[in-house]
Amino acid sequence: MKKIFLRPYIYWFILIFVLYLIINILISGFYKTIFFIILYFRTVDWLKLGISLILTLSIGFLVALNSILIYIKYKENKKCKGIKSSAIGTVGGLITGVCPLCITGILPIIFGVFGISFSFASLPFQGIEIQFLVLLVLLSSSFIILKNDKV
């Protein structure tokens, strides 16, 4: 685990983290919503938005962490467990977008191509539960990768 925060891995970690966030912002269209958040700041549920943003940053952190861990472990052993769950978590993070309530992610866009209307707003916690699930998948993936390894 200490190797991740040494050169050159720390640079790759930062690059992957920033690229993941940029891709997530572009796919979800969050850059368009920032204007409306500022415009309607009194009606925004800041608790849900804050939780969603914290979860998005946490997912990005874990995506970068898992990517570097997988690379290091593959470089040392030529095989690695946890790649599938890490990939599922990464795609899941892109599916929910930055703010699952107010922004579309990949899943609603894909459903829209087929004429199916879908919104995370119809879920009990407006999609934040999906972000928690993705976070749990990425955490479990990290533990699987680190299990019995001295990364």
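Accessible areas in this talk come from the Shrake-Rupley method with a 1.4 Å probe, and for residues, only the protein chains shown count as cover. On that basis, the protein chain exposes about 9,300 Å², of which carbon and sulfur atoms supply 75%.

Before I go on, two remarks on conventions. This is a predicted model, in which local features need pLDDT of at least 70 and side-chain atom pairs count only at pLDDT 80 or more, while totals for chains, interfaces and linings use all residues. Residues are numbered from 1 along each chain as its sequence is written, and side-chain values use heavy atoms, with hydrogens and water left out.

Let me begin with the overall architecture. The protein chain contains six helices and zero strands; here helices (H or I, at least four residues) and strands (E, at least two) are DSSP runs, numbered from the N terminus. Of the 151 residues in the protein chain, 38% are buried, where buried means under 20% relative accessible area, exposed over 50%, and partly exposed in between (1.4 Å probe, protein chains only). Contact means heavy atoms within 4.5 Å. Among contacts with a separation of 6 or more, 79% join residues 24 or more positions apart.

I turn now to helix H1, residues 9-28. The expected span of a helix is 1.5 Å times one less than its number of residues. For the 20 residues of H1 this gives 28 Å, and the end C-alpha atoms are 28 Å apart, which agrees. Its buried residues are Tyr-9, Ile-10, Phe-13, Tyr-20, Leu-21, Asn-24 and Ser-28. Seen down the axis, they fall within an arc of 110°, so they line one face of H1; the arc is that of the directions from the helix axis to the C-beta atoms. The face turned away from this buried side carries the exposed residues Tyr-11 and Leu-26. After H1 comes Gly-29, with a positive phi near 75°.

What aromatic pairs does the structure contain? A search of the whole structure finds two, with rings of Phe, Tyr and Trp (its six-membered ring) pairing if their centres lie within 6.5 Å; planes under 30 degrees apart count as stacked, over 60 as edge-to-face and the rest as tilted. One of them, Phe-13 with Phe-61, is edge-to-face, at 5.2 Å centre to centre and 80° between the planes. The partners are 48 residues apart, Phe-13 in H1 and Phe-61 in helix H3 (residues 46-77). Phe-13 counts as buried because its relative accessibility is 7%, whereas Phe-61, at 36%, is partly exposed.

A nonpolar core is a set of buried Ala, Val, Leu, Ile, Met, Phe, Trp, Tyr and Cys residues joined through side-chain atoms within 4.5 Å. The largest such core has 22 residues, and those with the most contacts inside it include Phe-13, Tyr-20, Ile-59 and Leu-138. H1, H3 and helix H6 (128-146) are the elements that give two or more residues to this core, and H3 gives the most, with ten. A second, separate core of five residues includes Phe-30, Ile-37, Val-98 and Cys-99.

Finally, H6. Its buried residues include Ile-128, Val-134, Leu-138 and Ile-145. The opposite face, turned away from the buried side, carries the exposed residues Leu-133, Leu-136 and Phe-143. Leaving aside neighbours within four places in sequence, Leu-138 is in contact with residues including Ile-59, Leu-62 and Val-63.
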